[in-house]
Structure formats: structure tokens, C-alpha cells
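Here's a quick briefing to read alongside the model. Keep the 3D view open and find each spot as you go.

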Amino acid sequence: MSISHAPPGSSGPDMSPVSKDGLSDQATTTPDHAVHAAPELQPIVPASTRRTRVPRWMRRTSGPLLLLALWQLLSGTGLLTPDVLASPGTIARVGRDLVTDGSLPGAMGVSLQRVTVGLLLGTLVGTGLALVSGLFRIGEDLVDASVQMLRTVPFVGLIPLFIIWFGIGETPKVAIITLGVSFPLYLNVYAGIRGVDSQLIEAGESLGLSRWGLVRHVILPGALPGAMTGLRYSLGIAWLALVFAEQINADAGIGFLMVQARDFLRTDVIVVCLIVYAFLGLLADFVVRTLERLLLQWRPTFTGR
């Protein structure tokens, strides 16, 4: 039995490979001219139907403005009575009066002075302890356990001891703020130091850097993002500590205004003081974020989409 071969050019059986769906590759192959012509067939979207981007400042302020409008609506309809919470219009008028008579600016100056001193002392204490504990093993053995125990103690609970130790003057108020600021800075700076990649340390040693050179050029820059995060946390806790600190026989400050308003059931003055606290904290956070952008320009980060 002989097998006949089809001569070249003759129409023999189709031997093209068959795909899984039963179609041959020749049938599913797209011609070159069709591929080049595809972009011309895409519809053109008119400019009027494109999505318009809302400015970011408008998006960020829309939430507080909606909350303010809801607050005013509830106050205007009587669902929110003045003895529970004053209306935004009343609070604005009271705030203007406090600014006019000088009560609010003077109180803000005293509170800012207390926060500044406490923040500086807390930064020195927390950062110093973190450097000792993070750079040296013997420092970690001597410092870290004690700090971890102290940070679990609520600093507000130490107010009676501070009053016994330091009296009722400015010292216990600053001490409370200092204690509240120290622990977040310690934890974040310590974690930043110990989080530096060991391969960077080895690369610095291979380049001939001394121990101080490694600390200055490798370890401290690597720990700087953690330090900035700790500073932001510390600022929030500083304002929280100030609220408690100014309850200690204060005769000036925003907390003193709040105590007087509480005694006379003035919810409008209390809300004004809370708004001042919030704006001062927001301003401090803005300063730290600006400083972070300036100091960490070398670190590309994800900014959201």
C-alpha cells in the first residue's frame, strides 16, 4: 500500500492547527491592516463629557462645612437647644466678644507658652532616651524596660503626685505636658533607629565611615521619618495634656476659661475654647508636615490616587 503525496501548490487537506474552541489559528488571526486601523475606529470623547476635577481644598473643606450646616439646621429648628449646645451663630458672636475684650488672645498666649516649653523638654527627654537605648545595647538594657513600664501608666493619674511634688504653680503643668510628649517620641525614634537596614550599615563600614559617621550619615537619616511621625503624635498629646494641666488651679489660659464657663454653664464659651484648641493643634500639625516635606525630600512616597 502506497501513500500518495500532494504535489506542491495543489489543494490538499487543511493541516492548520485547531484551537480548543474548534477554530483554526488562520481563522482567528487578525490581519495587519486591521490592527493598524483599530485606533481610527475608537470613538472620540467630547471635552464636555470629561470628568471635571474638584480642587483639593474644596474637597477638604466640604466635610466641615456640611457638618456646620447640619449643626445650624438643628439649632434653628429647635432640635438642639442652647442649654445643650449653642448655635454656630451664637458661638461666633461670643468668640468675637472674647477676642475684642482681650480674654481669648491672652489665654492663647499663656497656653502656647506652656505647650512650647513642655514640647521642647519632652522632645529632649524622649529623643535623648531613644538615642541612648537605640544606639547602645547597654543603654537598651538600662533604659528601655523602665520607659516601657512608665508609658503604660496614664500620665493624667500622676497629677496628684505632681501637685505634691511641685505645688500648684506652672511646674506641674509643664511636667504633665513633658511626660505626655516624651513617650511617643521615644517609641518612634527608637523604632526608627532599630529599623535601619543592616546592609546600609555594612555599606557605610565598607566605605570607611567611623561610628560617628555611621550615626550621622546613615542611622539618623534613616530614623528621621519615624521621628517626624513621633513628633506629630506628640503634638496631639501635648494639647490633650494641656487640657488636664490647666485644670490645676489655673488662673490663666484656655483651660481656665473653660473652667469658668463650666461653672456658669456657658456651653458657647466652652465650644469656643474647644475650637481654639482644635485650630491650634491643626496649625501645629501643618508646621510639622511642612517640616517633614522639607527634611524628607530624598524619600519618594505614595501620595494617593
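Helix 10 gives the largest share of the lining of the second largest pocket, with 5 residues. Bear in mind that this is a predicted model.

- Two or more lining residues come from each of helix 5 (103-135), helix 8 (170-194), helix 9 (198-206) and helix 10 (211-245).
- Sort the lining by class and you get 9 nonpolar, 2 polar and 3 charged residues.

**Helix 5**
- Helix 5 has 33 residues and spans 48 Å from its first C-alpha to its last, which is close to the 48 Å expected at 1.5 Å a residue.
- Its buried residues include Leu104, Arg114, Gly126 and Gly134.
- Those buried residues pack against helix 4, helix 6 (137-151), helix 8, helix 10, helix 11 (254-263) and helix 12 (267-295).

**Ser87**
- You'll find Ser87 in the loop between helix 3 (56-76) and helix 4 (88-100).
- Is Ser87 buried or exposed? Ser87 counts as buried because its relative accessibility is 17%, and the cut-off for buried is under 20%.
- The side chains of Ser87 and Thr90 are joined by a polar contact of 2.9 Å.
- Setting aside neighbours within four places in sequence, Ser87 is in contact with Trp71, Gln72 and Ser75.

Notes. Residues are numbered from 1 along each chain as its sequence is written. This is a predicted model: local features need pLDDT of at least 70, side-chain atom pairs count only at pLDDT 80 or more; totals for chains, interfaces and linings use all residues. Side-chain values use heavy atoms; hydrogens and water are left out. Helices (H or I, at least four residues) and strands (E, at least two) are DSSP runs, numbered from the N terminus. Ala, Val, Leu, Ile, Met, Phe, Trp, Tyr, Cys and Pro count as nonpolar, Asp, Glu, Lys and Arg as charged, and the others, Gly among them, as polar. Buried means under 20% relative accessible area, exposed over 50%, partly exposed in between (1.4 Å probe, protein chains only). A polar contact is a pair of N or O atoms within 3.5 Å; within protein, one must be able to donate a hydrogen and the other to accept it, and residues adjacent in sequence count only if both atoms are side-chain atoms. Contact means heavy atoms within 4.5 Å. The expected span of a helix is 1.5 Å times one less than its number of residues.
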